[in-house]
Amino acid sequence: MASIDRSDPVILGHLLAEHRDLFNLIQTVRTAFAASGEPTSDRRTAIMESLRSLRCHLHDHFAQEESGGFLEEAVTRIPRLSAAMRSIIGQHPALLEELDGIIASLESDPCGPGTWAAAGRAYGGFADHMTAHEQRENAVVQEGYCEDLGLCE
Ligand SMILES: [Fe+2]
Ligand SMILES: [Fe+2]
């Protein structure tokens, strides 16, 4: 058993809180896109600001996960989770590219007919991919701690 020098519920709680913050940012953009009709200039500005803010937050979140932390610690505890963890971390570049593509499409043709509707649909796909990604992460980390502490059935 790996040495435990921190309270596991605290570690798990921290990860879940980070994912909740990220989820809230993702939902903020989803709501901004969801308003009906062609967006006004103010709404376009608000959507772009929230997209860029999300992009910045996501980059930092991924960098933190990749530089060791909850995920690495879960693998240290339960090495057989290593492959699942590598697979999850490996999704980060594609997720960032997906979001970058949406931002780039809005920047390159902000007044094009249907640009915002198409970006809104693309964003819905991105949000679904992000949700699935974070759920996989939570599951692996929970499995790692649970098994290490002998809490699993
Ligand atoms: Fe991640
Ligand atoms: Fe994450």
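Hi everyone, let's start with helix α2: its 26 residues reach 37 Å from the first C-alpha to the last, close to the 38 Å expected at 1.5 Å a residue. Please keep in mind that this is a predicted model.

Which residues of α2 are buried? They are Ile-47, Leu-51 and Leu-54.

Leu-51 takes us on to the largest nonpolar core, which has 14 residues. Leu-51 is among the members that touch the most others, along with Val-29, Ile-102, Ala-119, Tyr-123 and Phe-126. At least two residues of this core come from each of α1 (8-34), α2 (41-66), α5 (92-108) and α6. Which helix gives the most? That's α6, with five residues.

Have a look at Phe-126 while you're there. Setting aside neighbours within four places in sequence, Phe-126 is in contact with Glu-98, Leu-99 and Ile-102. There is also a second, separate core of nine residues, and its members include Leu-15, Ala-74, Val-75 and Tyr-145.

Last stop, Ala-117, which sits in helix α6, residues 115-148. Why does Ala-117 count as partly exposed? Because 13 other C-beta atoms lie within 10 Å of its own, whereas a buried residue needs 20 or more and an exposed one has 12 or fewer.

Key
Residues are numbered from 1 along each chain as its sequence is written. Chains are lettered from A and ligands numbered from 1 in the order in which they are written. This is a predicted model: local features need pLDDT of at least 70, side-chain atom pairs count only at pLDDT 80 or more; totals for chains, interfaces and linings use all residues. Helices (H or I, at least four residues) and strands (E, at least two) are DSSP runs, numbered from the N terminus. A nonpolar core is a set of buried Ala, Val, Leu, Ile, Met, Phe, Trp, Tyr and Cys residues joined through C-beta atoms within 7 Å. Two residues are in contact if their C-beta atoms, placed from the backbone, lie within 7 Å. The expected span of a helix is 1.5 Å times one less than its number of residues.
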